[in-house]
Structure formats: C-alpha cells, structure tokens
Amino acid sequence: MKLCFSTLGCPDWDIIQVAEKGAAYGFDGVELRISGNRHVDPALTKDERKKIKKMFAAHNLTIAIISGYTLFCGDDEILLKENEEALLKNIELAADLGAPYLRSFLGENGCFTEAGVETLRRACAKAYESGVTVLLEIHDALKDGKMAAQLVRQVNSLGLAVLWDIHHSLNNKEAPEETWRHAGKYIKHVHMKDADANDEICLMGDGILVVRDVVQTLSANGFDGFLSFEWEKTWIPKLQEPEVALPGYVAHMKKLMGET
C-alpha cells in the first residue's frame, strides 16, 4: 500500500508547495482537489496541465486521483446534465494529468433514480475510453460499502468503482471487514482520517477510529492502492497546520504497516 494526501489539508499551499512538501514528507503520491488556481481546475490550459504532470513526476509523486464534486442524485434533468458536463471536463483533466481515478459523489438526498443511473453510466463510459475510472465516495447518502456495491452493480460500467472513506462507513456502524466483504472488489482508493469521542477530526493516531483494523483488513486482502490522508483543514481552519499533520500521518501509517 502507498501513502498520499488530499490537498483539502493544505488550502494555503500552491501547487509547487504541494509537490515539494509532499516529497519532503515521504509521501508516494498526491490527491489533487479541484479548487481553482490553488490546486487544479478544468480551466487549466493543456500547457499548464503538462507542466503540473511533469513537476510531480520530477518529485517522484504519483497523481493518484483528482477529487471532483459532481453529484448524481435525483431526477432533475437540468441538474443531471450540468453534473454530467462537469464530470466530463473533470475526466479530461484527470486523463491529461495522468491520474487513473476521478472522485465524484452520489449526493445527500439519497434518491438515485434511473435518470441518475443512466447519466452516470453514460459519463463513465467516456471515462473508461479515456483511461480514467470514476470513483463514487462512501459519503452522504452513500453510507457504507453495502450501498456502494449495490450502486456500482446498478450502473454496471467498467468506468465506475468505489472510494472508501473510512470515517463514513465506521459512523454507519459497518466494520472494516464488512465494508471489504461487500465492496472490496470495487474499492480502488481509501480516505483515511481519525476522530475523537465527539466525532471531531484529530491527528492520525489520537482518535478512536479503528484505523489499525482498516489497515489490517486492506493488507490481508492484498489492497495495493493509496491510503490518502484527508485532513479537513479547508473546512475546519482550527485544525493543526499541514506541516504538523501530514508528516505525522506518514510516521503513524508506516508504523501500522510495519515499515518502521
């Protein structure tokens, strides 16, 4: 398994700092969030995309995934079309940056209609043609591995798989081995975090989430993808700075994986 981090955790870094500090802290890759000129965005020119791809390669960092924010709940044709168009632009961005995966969401209202299925199926076919797989994150209405697996089977596209956010499945009382049993064959990327007894995000290793059980489950089942640290500094400014949280994550995870 390999370690990366989401740029959600370093909102004040520019793209050069992301590469330089990610390499310095010992990460294997990075998860680039779509966020205007601070990280990456579909508005980037072809030349800008080439420079970013080359820069991360020079720092020996894989661009593991591009994190987008498209939604596919409901049956509002206008909203579904807007999200489909946004997803297609994100797919092109991911392909140009050499990222094999692109994050999307189901959404919050839990209403996954036939219109949503068909829209996502059509977009994922385009993703597959581009060498990119769309990953729906276990988040919001998509509460756990069981639901995620059902949805992927319903869409039935080679261009769709699952991003496992451990915080959400654990909060839904689904144990790590259950998540893997239901959705393991679809899981391609994992969001890692820790939280305290009040369910507030904390430094990795300081909380009560069964992170060790997650790592053991993944290891036992031969998972060889990225364990991505999702430090929610963008949404929770009071969290410690990335200069503290990110290297701490690497150190803690290497111990759990038996590398130190």
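Visitor: Which residue in β10 stands opposite His191?
Guide: Ser228 in β10 stands opposite His191. Strands are DSSP runs of E with at least two residues, helices are runs of H or I with at least four, and both are numbered from the N terminus. The model is predicted, so local features need pLDDT of at least 70 and side-chain atom pairs count only at pLDDT 80 or more, while totals for chains, interfaces and linings use all residues. Residues are numbered from 1 along each chain as its sequence is written, and side-chain values use heavy atoms, with hydrogens and water left out.

Visitor: Which residue of β10 faces His189, then?
Guide: Phe226 in β10 stands opposite His189.

Visitor: How many bridges are there between β7 and β10?
Guide: There are four bridges between β7 and β10 (residues 226-229), and the pairing is parallel. Two strands are said to pair if DSSP finds at least two bridges between them.

Visitor: And how many join β6 to β7?
Guide: Strand β6 (residues 160-165) is joined to β7 by four bridges, and the two run parallel. Asp165 is the residue opposite His191 in β7.

Visitor: Why is β7 described as largely enclosed?
Guide: Strand β7 covers residues 187-192, and five of its six residues are buried, so the rest of the structure largely encloses it. Buried means under 20% relative accessible area, exposed means over 50%, and partly exposed lies in between (1.4 Å probe, protein chains only).

Visitor: What do the strands build together?
Guide: Eight strands form a closed barrel in the order β1-β2-β3-β4-β5-β6-β7-β10, with parallel pairing. From one strand to the next, the twist averages 30 degrees.

Visitor: Which strands does helix α5 touch?
Guide: Helix α5 (residues 145-155) packs on the sheet and touches β5 (133-137) and β6. Its direction makes about 165 degrees with that of β6. Contact here means heavy atoms within 4.5 Å. Angles run from 0 to 180 degrees between N-to-C directions, and axes are lines fitted to C-alpha atoms, for helices over the stretch in contact.

Visitor: Where does α8 lie?
Guide: Helix α8 (residues 211-220) lies across β6, β7 and β10, and runs at about 160 degrees to β7. Helix α8 also packs with α7, at an angle of about 35 degrees and with the axes 9 Å apart.

Visitor: Which residues meet between α7 and α8?
Guide: Pro176, Glu177 and Trp180 in α7 meet Asp213, Val214, Thr217 and Leu218 in α8. By class, this contact of α7 with α8 has four nonpolar, one polar and two charged residues. Ala, Val, Leu, Ile, Met, Phe, Trp, Tyr, Cys and Pro count as nonpolar, Asp, Glu, Lys and Arg as charged, and the others, Gly among them, as polar.

Visitor: Now the other helices. What is the angle between α3 and α4?
Guide: Helix α3 (residues 77-97) and helix α4 (residues 114-129) pack at about 15 degrees, with their axes 10 Å apart. That makes α3 roughly parallel to α4. Roughly parallel means under 35 degrees, roughly antiparallel over 145, roughly perpendicular 65 to 115, and oblique the rest.

Visitor: Back to single residues. Is Glu31 buried or exposed?
Guide: Glu31 counts as buried, because its relative accessibility is 0%. Glu31 lies in strand β2 (residues 29-33).

Visitor: What does Glu31 touch?
Guide: Setting aside residues up to four places away in sequence, its contacts include His189, His191 and Ser228. The C-alpha atoms of Glu31 and Ile63 are separated by 6.2 Å, although the two are 32 residues apart along the chain.

Visitor: What about phi at Asn60?
Guide: Phi of Asn60 is near 55 degrees, a positive value in a residue other than glycine. Most residues other than glycine have a negative phi. Asn60 sits in the loop between α2 (46-58) and β3 (62-67), and counts as exposed at 67% relative accessibility.

Visitor: And what is phi at Lys173?
Guide: Lys173 has a positive phi of about 65 degrees, and is not a glycine. Its place is the loop between α6 (166-171) and α7 (176-183). At 73% relative accessibility, Lys173 counts as exposed.
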